[in-house]
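This briefing is intended to be read beside the sequence and the three-dimensional model. Please keep both in view while working through the points.

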Amino acid sequence: MPPLTTPKSGDALFASVDRVNAELFTLTYGAIVRQLLTDLEEVEEVNKQLDQMGYNIGTRLVDEFLAKSNVSGCVDFKETADTIAKLGFKMFLGVTATVTNWDAEGTTCSFVLEDNPLVDFVELPDTCQGLQYCNVLSGVIRGALEMVSMKTEVTWVRDMLRGDDAYEMRVKLTKQVPEEYPYKDDD
(Lines give C-alpha, C1' and ligand atoms only; values in the text may rest on other atoms or scores of the structure.)
Protein backbone atom coordinates (compact mmCIF):
# COMPACT_ATOMS: atom_id res chain seq x y z
CA MET A 1 0.00 0.00 0.00
CA PRO A 2 1.50 3.39 -0.98
CA PRO A 3 2.13 5.85 1.85
CA LEU A 4 -0.58 8.40 2.47
CA THR A 5 0.37 11.88 1.38
CA THR A 6 -1.08 15.02 2.83
CA PRO A 7 -2.65 17.56 0.52
CA LYS A 8 -0.42 20.46 -0.45
CA SER A 9 -1.20 23.95 0.81
CA GLY A 10 -2.69 26.53 -1.54
CA ASP A 11 0.61 28.45 -1.61
CA ALA A 12 2.60 25.30 -2.42
CA LEU A 13 0.18 24.46 -5.23
CA PHE A 14 0.37 27.97 -6.67
CA ALA A 15 4.17 27.78 -6.64
CA SER A 16 4.16 24.39 -8.39
CA VAL A 17 1.98 25.37 -11.36
CA ASP A 18 3.36 26.83 -14.58
CA ARG A 19 1.99 30.35 -14.97
CA VAL A 20 1.67 32.98 -17.62
CA ASN A 21 2.08 36.67 -16.95
CA ALA A 22 -1.00 37.87 -15.03
CA GLU A 23 -1.44 40.97 -17.18
CA LEU A 24 -1.22 38.91 -20.38
CA PHE A 25 -3.82 36.50 -19.00
CA THR A 26 -6.15 39.32 -17.95
CA LEU A 27 -5.85 41.19 -21.24
CA THR A 28 -6.30 38.01 -23.29
CA TYR A 29 -9.46 37.13 -21.37
CA GLY A 30 -10.73 40.67 -21.91
CA ALA A 31 -10.07 40.36 -25.64
CA ILE A 32 -12.02 37.08 -25.74
CA VAL A 33 -14.99 38.69 -23.97
CA ARG A 34 -14.83 41.70 -26.31
CA GLN A 35 -14.76 39.45 -29.39
CA LEU A 36 -17.73 37.45 -28.09
CA LEU A 37 -19.66 40.70 -27.60
CA THR A 38 -18.85 41.69 -31.19
CA ASP A 39 -19.69 38.29 -32.68
CA LEU A 40 -22.79 37.39 -30.66
CA GLU A 41 -24.19 40.90 -30.09
CA GLU A 42 -26.58 39.71 -27.34
CA VAL A 43 -25.18 39.98 -23.80
CA GLU A 44 -27.17 36.95 -22.64
CA GLU A 45 -25.63 34.82 -25.42
CA VAL A 46 -22.17 35.99 -24.35
CA ASN A 47 -22.97 34.96 -20.76
CA LYS A 48 -23.96 31.49 -21.97
CA GLN A 49 -20.85 31.18 -24.12
CA LEU A 50 -18.53 32.24 -21.25
CA ASP A 51 -20.23 29.69 -18.98
CA GLN A 52 -19.80 26.94 -21.61
CA MET A 53 -16.14 27.86 -22.14
CA GLY A 54 -15.61 27.67 -18.38
CA TYR A 55 -17.41 24.34 -18.18
CA ASN A 56 -15.10 22.88 -20.83
CA ILE A 57 -12.07 24.23 -18.96
CA GLY A 58 -13.33 22.90 -15.62
CA THR A 59 -13.81 19.37 -16.92
CA ARG A 60 -10.11 19.30 -17.79
CA LEU A 61 -8.72 21.37 -14.92
CA VAL A 62 -9.99 18.95 -12.30
CA ASP A 63 -7.55 16.28 -13.55
CA GLU A 64 -4.57 18.59 -13.14
CA PHE A 65 -5.82 19.69 -9.73
CA LEU A 66 -6.21 16.12 -8.47
CA ALA A 67 -2.83 15.08 -9.89
CA LYS A 68 -0.88 17.96 -8.35
CA SER A 69 -2.70 18.61 -5.08
CA ASN A 70 -2.50 15.15 -3.46
CA VAL A 71 -6.16 15.57 -2.51
CA SER A 72 -7.98 12.28 -2.37
CA GLY A 73 -11.75 12.12 -2.59
CA CYS A 74 -13.72 14.59 -0.51
CA VAL A 75 -16.35 13.06 1.74
CA ASP A 76 -19.16 15.54 1.06
CA PHE A 77 -20.12 18.75 -0.70
CA LYS A 78 -18.94 20.92 2.21
CA GLU A 79 -15.44 19.46 2.13
CA THR A 80 -15.38 19.75 -1.67
CA ALA A 81 -16.39 23.43 -1.54
CA ASP A 82 -13.73 24.16 1.06
CA THR A 83 -11.08 22.40 -1.05
CA ILE A 84 -12.05 24.42 -4.13
CA ALA A 85 -12.01 27.69 -2.18
CA LYS A 86 -8.69 27.19 -0.41
CA LEU A 87 -6.73 25.08 -2.91
CA GLY A 88 -8.37 25.28 -6.35
CA PHE A 89 -8.67 29.05 -6.57
CA LYS A 90 -5.17 29.47 -5.14
CA MET A 91 -3.64 26.93 -7.52
CA PHE A 92 -5.07 28.40 -10.72
CA LEU A 93 -5.76 32.07 -9.95
CA GLY A 94 -3.46 32.84 -7.03
CA VAL A 95 -6.35 33.91 -4.79
CA THR A 96 -8.41 32.19 -2.14
CA ALA A 97 -12.15 32.29 -1.70
CA THR A 98 -14.25 32.18 1.43
CA VAL A 99 -17.07 29.64 1.65
CA THR A 100 -20.09 31.13 3.42
CA ASN A 101 -23.90 31.24 3.54
CA TRP A 102 -24.53 27.49 3.82
CA ASP A 103 -28.16 26.43 3.72
CA ALA A 104 -29.56 24.07 6.36
CA GLU A 105 -29.25 21.01 4.10
CA GLY A 106 -25.59 21.69 3.30
CA THR A 107 -26.29 21.73 -0.44
CA THR A 108 -25.95 25.44 -1.22
CA CYS A 109 -23.13 27.83 -0.39
CA SER A 110 -21.39 30.94 -1.63
CA PHE A 111 -17.82 31.42 -2.80
CA VAL A 112 -16.76 34.98 -1.98
CA LEU A 113 -13.70 36.44 -3.69
CA GLU A 114 -12.25 39.69 -2.38
CA ASP A 115 -9.82 39.78 -5.31
CA ASN A 116 -10.37 38.58 -8.86
CA PRO A 117 -7.48 38.68 -11.33
CA LEU A 118 -9.85 38.43 -14.31
CA VAL A 119 -11.10 41.97 -13.78
CA ASP A 120 -7.88 43.98 -13.62
CA PHE A 121 -8.17 46.87 -16.11
CA VAL A 122 -11.91 46.21 -16.66
CA GLU A 123 -14.74 48.74 -16.67
CA LEU A 124 -18.12 47.70 -18.02
CA PRO A 125 -19.77 50.19 -20.36
CA ASP A 126 -23.44 51.02 -19.85
CA THR A 127 -24.33 48.87 -22.88
CA CYS A 128 -22.99 45.76 -21.09
CA GLN A 129 -24.73 46.02 -17.74
CA GLY A 130 -26.23 42.52 -18.08
CA LEU A 131 -22.84 40.98 -18.82
CA GLN A 132 -21.59 38.43 -16.30
CA TYR A 133 -17.97 39.22 -17.12
CA CYS A 134 -16.54 36.45 -14.93
CA ASN A 135 -19.06 33.82 -15.99
CA VAL A 136 -16.18 31.63 -17.14
CA LEU A 137 -15.45 30.99 -13.43
CA SER A 138 -18.96 29.72 -12.76
CA GLY A 139 -18.58 27.37 -15.71
CA VAL A 140 -15.22 26.13 -14.40
CA ILE A 141 -16.77 25.33 -11.02
CA ARG A 142 -19.73 23.57 -12.63
CA GLY A 143 -17.53 21.54 -15.00
CA ALA A 144 -15.01 20.52 -12.34
CA LEU A 145 -17.72 19.46 -9.91
CA GLU A 146 -19.50 17.45 -12.58
CA MET A 147 -16.30 15.49 -13.16
CA VAL A 148 -16.34 14.45 -9.50
CA SER A 149 -19.99 13.38 -9.73
CA MET A 150 -21.68 16.54 -8.46
CA LYS A 151 -24.24 18.31 -10.64
CA THR A 152 -24.49 21.97 -9.66
CA GLU A 153 -26.03 25.29 -10.57
CA VAL A 154 -23.73 28.29 -10.24
CA THR A 155 -24.95 31.89 -10.31
CA TRP A 156 -23.34 35.25 -9.62
CA VAL A 157 -24.87 37.10 -6.67
CA ARG A 158 -22.46 40.02 -6.26
CA ASP A 159 -20.01 41.60 -8.68
CA MET A 160 -17.57 44.43 -7.94
CA LEU A 161 -17.83 45.52 -11.58
CA ARG A 162 -21.40 46.49 -10.70
CA GLY A 163 -20.44 48.32 -7.52
CA ASP A 164 -20.79 45.47 -5.00
CA ASP A 165 -18.21 44.99 -2.25
CA ALA A 166 -17.04 41.52 -3.38
CA TYR A 167 -17.47 38.82 -6.00
CA GLU A 168 -19.90 36.14 -4.85
CA MET A 169 -20.92 32.96 -6.66
CA ARG A 170 -23.81 30.91 -5.30
CA VAL A 171 -23.27 27.18 -5.81
CA LYS A 172 -26.16 24.77 -5.42
CA LEU A 173 -25.68 21.00 -5.46
CA THR A 174 -28.59 19.67 -7.47
CA LYS A 175 -27.60 16.01 -7.70
CA GLN A 176 -24.92 13.75 -6.30
CA VAL A 177 -24.30 11.24 -9.07
CA PRO A 178 -23.13 7.84 -7.84
CA GLU A 179 -19.84 6.80 -9.34
CA GLU A 180 -20.14 4.10 -11.96
CA TYR A 181 -17.30 1.78 -12.72
CA PRO A 182 -17.09 0.52 -16.30
CA TYR A 183 -15.84 -2.93 -15.36
CA LYS A 184 -17.26 -5.43 -12.93
CA ASP A 185 -15.08 -7.49 -10.68
CA ASP A 186 -14.87 -11.12 -11.70
CA ASP A 187 -15.36 -12.34 -8.13
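The points below cover strand pairing, salt bridges, helix packing, backbone geometry and cysteines.

This is a predicted model, in which local features need pLDDT of at least 70 and side-chain atom pairs count only at pLDDT 80 or more, whereas totals for chains, interfaces and linings use all residues. Residues are numbered from 1 along each chain as its sequence is written, and side-chain values use heavy atoms, with hydrogens and water left out. Helices (H or I, at least four residues) and strands (E, at least two) are DSSP runs numbered from the N terminus.

**Strand pairing**

- Strand β4 (residues 167-176) pairs with strand β2 (residues 108-113) in the antiparallel sense over six bridges; two strands pair if DSSP finds at least two bridges between them.
- Lysine 151 has lysine 175 in β4 as its bridge partner.

**Salt bridges**

- The structure holds eight salt bridges, each defined as a side-chain nitrogen of Lys or Arg within 4 Å of a carboxyl oxygen of Asp or Glu.
- Glutamate 168 and arginine 158 meet through their side chains in a salt bridge of 2.7 Å, N to O. Glutamate 168 lies in strand β4 and arginine 158 in strand β3, so this pair ties together parts that are 10 residues apart in sequence.
- Glutamate 168 is buried at 7% relative accessible area, whereas arginine 158 is partly exposed at 22%. Buried means under 20% relative accessible area, exposed means over 50%, and partly exposed lies in between (1.4 Å probe, protein chains only).
- A network of salt bridges links Arg158, Asp165 and Glu168.
- Aspartate 159 forms a salt bridge with arginine 162, with the closest N and O atoms 3.1 Å apart. Aspartate 159 is buried at 4% relative accessible area, while arginine 162 is partly exposed at 31%.
- Glutamate 45 and lysine 48 form a salt bridge, their closest N and O atoms being 3.6 Å apart. These residues are separated by about one helical turn because they are three residues apart in helix α3 (residues 43-69).
- Glutamate 45 is partly exposed at 38% relative accessibility, and lysine 48 is partly exposed at 48%.

**Helix packing**

- Helix α2 (residues 22-40) packs with α3 at an angle of about 135°, their axes being 9 Å apart. The axes are lines fitted to C-alpha atoms, for helices over the stretch in contact, and angles run from 0 to 180 degrees between N-to-C directions.
- The two helices, α2 and α3, are therefore oblique to each other. Angles under 35 degrees count as roughly parallel, over 145 as roughly antiparallel, 65 to 115 as roughly perpendicular and the rest as oblique.

**Positive phi in loops**

- Asparagine 70 is not a glycine, although its phi is positive at about 60°. Asparagine 70 lies in the loop between α3 and α4 (77-93) and is partly exposed, with a relative accessible area of 30%.
- Phenylalanine 121 has a positive phi of about 70° and is likewise not a glycine. Phenylalanine 121 sits in the loop between β2 and α5 (135-147) and is exposed at 58% relative accessible area.

**Cysteines**

- The structure holds zero disulfides, a disulfide being a pair of cysteine sulfur atoms within 2.5 Å.
- Cysteine 128 is buried at 7% relative accessible area, and cysteine 134 is buried at 2%.
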